[in-house]
Structures are given as structure tokens and as C-alpha cells.
Amino acid sequence: MQYFIYLLVYPIIWLISILPFRLLYIFSDIVYFLVYRIVKYRKKTVKENLALALPHLSDEERIIIEKKFYHHMCDVFLEMIKTLNISKNEICKRFVFKNIEVYKELEKQGKSIAIVCSHYANYEWIISLNYYSEFSSYGIYKQLKNPYFDKLVHKIRSRFNAKLVTTKKTIPTIIENSKNNILSVYGFACDQTPHIKSAFHWEKFMGIEVPVHTGAEMLSKRYNMNLVYLNTKKIKRGYYEATLETISTNPKEAPNYQLTDQYLKLLEKQIYEEPEYYLWTHRRWKYRR
């Protein structure tokens, strides 16, 4: 059944991926109407999240953000599909690293790098960083249940020389690379909710105390990796700019959880500035104190 579903859906995905961007965004407007007005995809969750995280705004202001978010979410979903056939020149034009020299200087230090980011703006196109990197690149992700779509995700991201590592295989991969002196860059999206039983640290995020992923900090300490935050902004439809902000070049010196808390503060600032570009469909505040 899973293969049958894949066979039905893949031709549609491929056709979307070859659309010119102008047509892609016209199609995105249609998808927005269906998702927001007809299906009402996770609308209750989005409303609850916005009310929890942005209580200082009026209901009317949050509705404006809500609509902008759904427009943006549909754009990013189709941009992700577009990645299947996008050229190097096109993605580098549309996703610009403003201070790539910061990353290149860190590479010169001869240590692996942990990049922490979030589900903000276009998090899929971050993989274009590999065009500028001399290190082996690994994107950490949660494996899809459908093995055929999981293989498709691998196919898309391998176009940018990125290796995908499931959350379960992250630590073994880092251990192996460390033993063999393979300098690598690892991408962590740290803003999702950890399993409550494995939550080591709670901290306020958008004014609400929640469990927080600490893996990037702990692994940076254990394997002496530079820790960097990637701040992505949406400039206009289909165009993004990313800025690299060094959190620590010596994580071992920082008290436990200080670097994780610093990451949260940077993400909060980013969300407050333009909340419509955060992924509000996630149940980020599922557990809270």
C-alpha cells in the first residue's frame, strides 16, 4: 500500500518541481485556500500556539499573523518540492548566506561544527550551505514512516552533498567521524518538543517553561565542536538571507544548558520580529509548567 501511494503521488511531486517559480506561487495561493479555508489544517493548534506565545497581541493581530503563516507554510512546502529540480545557481540566488566568511573561518580552526537552527523561514534550503563547505555535511532528521518517501527525501537532499542521519544514528555517526578524524558539520533543528521522559532541561521559551532539546550542546561539549546559530530571514517571496552567529568556539567552558538557553533567546528574538515565518503547526508547548 505504501508503494502504491508513492506511485500515485510521485508524478504530481515531479510536475510541481518543474514549475517555474511564478506558476509555483500561483499554485501555492490555491493550496493556501484549500489548506486554510477548506481543510483547516491544524488551525486549532495554530490558534492555541499563537495565543500562548503572543498573548500581548490582540485577537485581530494574531489572525493577521495566522493568515500570513499559512501563506508562508504553503510556499515553503512547494519550495521543498521544487528542490527536487532546482539548479545550483537558482538556489544560491534565492538563499543567500550573508556572512559565509564566518563559517569559513571556523573551518580553518580544524574542528567539527554543530549548526543549530529552527523551523523558521525556509529551513529546507539551508542544505545549500554545502556548496560552501569543505567538511562532510550531515542533516539530522526524523525518519519518515513511508520508506519510499523517506528515500525521496534522501534523493532531494543528496543533490546538495548532504548526508541524512536519523536521530537514532546521530551519536554513532559523530563517534565514528571523531575516531577517524573526519571533520564534519552537523545540522540540528532544536526547536521541537523532546520526549517528556528524556527531557533533561526545562527553560522558558516565548515566556512559557517547556522541555528543551539539549543534544546539540551536549555533543558540542563532548566532541569539542564549534557551535553556531543560523538565523534565516525571508526577504520576499522565494528569497531568503541567512546569517551565521557563533554561540561558542569552546563549549566545554560553558555551564551546562547555558548554550541551549542562548539558542532559545536568539530564536525568540527572531520569532518576535516576524512571527508569521515560524512553524506554528508544531505542538511546541504540548508540555509546559
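Biologist: What volume does the second largest pocket have?
Modeller: Keep in mind that this is a predicted model. The second largest pocket has a volume of about 190 Å³.

Biologist: Which residues lie nearest the centre of that pocket?
Modeller: Ser112, Ser178, Ile182, Leu183 and Tyr223. The lining of this pocket has 13 residues. Six are nonpolar, six are polar and one is charged.

Biologist: And which helix gives the most to the lining of the second largest pocket?
Modeller: Helix α8, residues 170–179. That helix supplies three lining residues.

Biologist: Let's stay with α8. Which of its residues are buried?
Modeller: Thr170, Thr173, Ile174 and Asn177. They sit on the same side of α8, because they cover an arc of only 95 degrees around the axis.

Biologist: What about the stretch just after α8? Which residue takes a positive phi there?
Modeller: Asparagine 181, with a phi of about 55 degrees.

Biologist: New topic. How many cavities of 30 Å³ or more are there?
Modeller: The count is one. About 70 Å³ of space lies in the largest cavity.

Biologist: Which helices each supply at least two residues of its lining?
Modeller: α9 (215–222) and α10 (258–273). The lining residues include Val116, Cys190, His213, Glu217, Leu259 and Tyr263. By class, the lining has seven nonpolar, four polar and one charged residues.

Biologist: I see Glu217 in that list. Is glutamate 217 buried or exposed?
Modeller: Glutamate 217 is buried, with a relative accessible area of 2%. Its place is in helix α9.

Biologist: Which residues does glutamate 217 touch, leaving out those up to four places away in sequence?
Modeller: Pro255, Asn256, Tyr257, Gln258, Leu259 and Thr260.

Biologist: Last topic, the largest nonpolar core. Which of its residues touch the most other members?
Modeller: Tyr103, Ile115, Val116, Phe188, Phe205 and Trp280, out of 80 residues in that core. Helix α4 (residues 59–82) gives the most to this core, with eight residues. In soluble globular proteins, nonpolar side chains tend to be buried together.

Biologist: Pick phenylalanine 205. What is this residue in contact with, beyond its neighbours within four places in sequence?
Modeller: Val210, Leu264, Leu267, Glu268, Ile271, Tyr278, Arg284 and Trp285.

Methods:
Residues numbered from 1 in each chain as written. Heavy atoms only, no water. 1 Å grid on protein atoms, 1.4 Å probe; cavity = no way out; pocket = protein on both sides within 12 Å on 5 of 7 lines; lining within 4 Å. Points joined across faces, edges and corners; volume = space filled by probe spheres on them. Helix = DSSP H or I, 4+ residues; strand = E, 2+ residues; numbered from the N terminus. Nonpolar A, V, L, I, M, F, W, Y, C, P; charged D, E, K, R; others polar. Core = buried A, V, L, I, M, F, W, Y, C linked by side-chain atoms within 4.5 Å. Buried < 20%, exposed > 50% of the residue type's maximum accessible area, 1.4 Å probe, protein only. Contact = heavy atoms within 4.5 Å. Arc of directions from axis to C-beta.
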